[in-house]
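Reader: I am new to reading protein models, and I would like to go through this one step by step. Could you show it to me before I ask anything?

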Amino acid sequence: MTGNGRTVEKRLLKPLLIVISAPSGAGKTTLCDRLLQDYPELTYSVSCTTRKPRGEEEDGVDYHFMTDAQFDRLVKAHRFLEHAKVHGFQYGTLSAPVREAMAEGQSVLMDIDVAGAAQIREKVAALEENDPLRRGFLDIFVRPPSLEALRERMEARGEDNAETIERRMRNASRELARSGEFRYALVNDNLDIAYRELCAIIEHAGGVMA
Ligand code: 5GP
């Protein structure tokens, strides 16, 4: 740990499959970006989605953007580790890149919703005990300090209109009600403290070599 509280270039001894879920606005993206900077062998799982790109998002980097027909073909071909409908669009994680990264000893970081996390939890529990996905599975829920704080953050961000904020708030309540399904839950009240907690959870599960 450095003086400013950031971890630097730490290596995990065991490949992890880190699943992080949180309501929109809970600060999950910032936490994930910091993890990707500090843990060099952590790969971000790029999801498929049928929603349109926002802002500066790039195809193949932020998401694999696709049509409903393309998404449905992948579902039929059993290519997804999990998939779910979120805010009216389809989202899914392809199995092959996750398996390939973990076979090479890398850890995988996923930012998915609670329904997707539940599917993966169920799937890994049915795998052989020594399967890398089962051995490395780690699910973490990030809570906002309160629903009111979440609304304030979304309003301050200024990216969404009132209707979208209402829909996200309804979704947030549903997601929060399922946070108990996760092995770990942390509150993101202060970003630096939440990040330190997150690193501690990961390093406890993965073992670490500075
Ligand atoms: P956004 O459209 O704002 O990027 O993401 C909306 C929600 O979809 C977030 O809660 C995010 O975690 C979730 N999400 C992103 N990718 C996936 C995925 O591959 N599977 C599932 N189940 N949810 C996802």
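Reader: How many salt bridges does a search of the whole structure find?

Author: The model shown here is a predicted one. Side chains of opposite charge can pair when their charged atoms come close. A salt bridge requires a side-chain nitrogen of Lys or Arg within 4 Å of a carboxyl oxygen of Asp or Glu, and a search of the whole structure finds that the number of such salt bridges is 11.

Reader: Which residue forms a salt bridge with R151, and in which helix is that residue?

Author: The closest N and O atoms of R151 and its partner E166 are 2.8 Å apart. The pair links distant parts of the chain, the two residues being 15 residues apart. R151 belongs to helix α6 (residues 147-157), whereas the partner, E166, lies in helix α7 (residues 162-176).

Reader: What is the distance between a polar side-chain atom of S47 and an oxygen atom of the ligand?

Author: Around the ligand there are 15 residues, and S47 is among those that come nearest, together with R51, Y63, Y91 and D111. A polar contact needs a pair of N or O atoms within 3.5 Å, and for S47 and the ligand oxygen the distance is 2.7 Å.

Reader: Which residue has a side-chain N or O atom 2.7 Å from a nitrogen atom of the ligand?

Author: T93 has a side-chain N or O atom 3.3 Å from an oxygen atom of the ligand, so under the 3.5 Å limit this pair counts as a polar contact. For a nitrogen atom of the ligand, the residue at 2.7 Å is D113.

Reader: How much of the ligand's exposed area does the protein bury?

Author: Taken alone, the ligand exposes 510 Å². Of that area, the share buried by the protein is 92%.

How values were computed: Residues numbered from 1 in each chain as written. Predicted model: local features only at pLDDT ≥ 70, side-chain atom pairs only at ≥ 80, totals over all residues. Heavy atoms only, no water. Near = heavy atom within 4 Å. Polar contact = N/O pair within 3.5 Å; in protein donor to acceptor, adjacent residues only side chain to side chain. Areas by Shrake-Rupley, 256 points an atom, 1.4 Å probe, with all protein chains shown as cover. Helix = DSSP H or I, 4+ residues; strand = E, 2+ residues; numbered from the N terminus.
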